[in-house]
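Me: Please take a close look at one part of this model, the salt bridges and the strands around them. Keep it brisk, and give the cut-offs.

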Amino acid sequence: AAGTPAEGIYPTLALQIRNTKNNWKTVKTFTNVSSLLNQLVYKHTSVIQPQDIRIRFTNDRYLPKKGQDRNLYIDKIINSN
C-alpha cells in the first residue's frame, strides 16, 4: 500500500474481515500509509477467503484550492497460508 497526503496527513486504512453473521469487523488499522509502497502485514488465526476481506479508506480528503488530494493505493493482497 502507498498513499498521498493532504494537510500533511497520510491515508489510514481499516482491514475488515466478514464474520459468519455476514458482519464486517475491523481487525487492523494502518495509519500514515506513506508515499513509498510498503508491505502491510496482518496474520489471522484461521483461513480467510478473498471475498471475506475488505479494505476501507477511512480518511479521504480533497482540497482542490490547495492542490491536495489524499489517496490510497493498494497494489495487491497476498494470502500466505
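Reply: Two strands pair if DSSP finds at least two bridges between them. Strands are DSSP runs of E, at least two residues long, and helices are runs of H or I, at least four residues long, numbered from the N terminus. This is a predicted model: local features need pLDDT of at least 70, side-chain atom pairs count only at pLDDT 80 or more, and totals for chains, interfaces and linings use all residues. Residues are numbered from 1 along each chain as its sequence is written, and side-chain values use heavy atoms, with hydrogens and water left out.

Start with the hairpin. S5 and S6 form it, with four residues between them. Gly67 sits in the turn and has a positive phi of about 70°. The two strands run antiparallel and are joined by three bridges. Tyr62 has Asp69 as its bridge partner in S6. S6 also pairs with S1, again antiparallel, through three bridges. There, Ala2 is partnered with Tyr73 of S6.

Now the charges. A salt bridge here is a side-chain nitrogen of Lys or Arg within 4 Å of a carboxyl oxygen of Asp or Glu. By this rule there are three salt bridges.

Glu7 and Arg61 form one of them, with the closest N and O atoms 3.2 Å apart. The pair links distant parts of the chain: Arg61 is in strand S5 (residues 61-63), and Glu7 is in the loop between S1 (2-4) and S2 (13-18), 54 residues apart. Glu7 also meets Lys66 in a salt bridge, at 3.9 Å from N to O. Lys66 lies in the loop between S5 and S6 (68-73), 59 residues from Glu7.

Arg61 is partly exposed at 35%. Glu7 is partly exposed at 40%. Lys66, at 54%, counts as exposed.

Another salt bridge joins Asp52 and Arg18, 3.0 Å from N to O. Asp52 lies in the loop between S3 (24-30) and S4 (53-57) and Arg18 in S2, so the pair ties together parts that are 34 residues apart in sequence. Arg18 is partly exposed, with 26% relative accessibility.

Note on methods:
Buried < 20%, exposed > 50% of the residue type's maximum accessible area, 1.4 Å probe, protein only.
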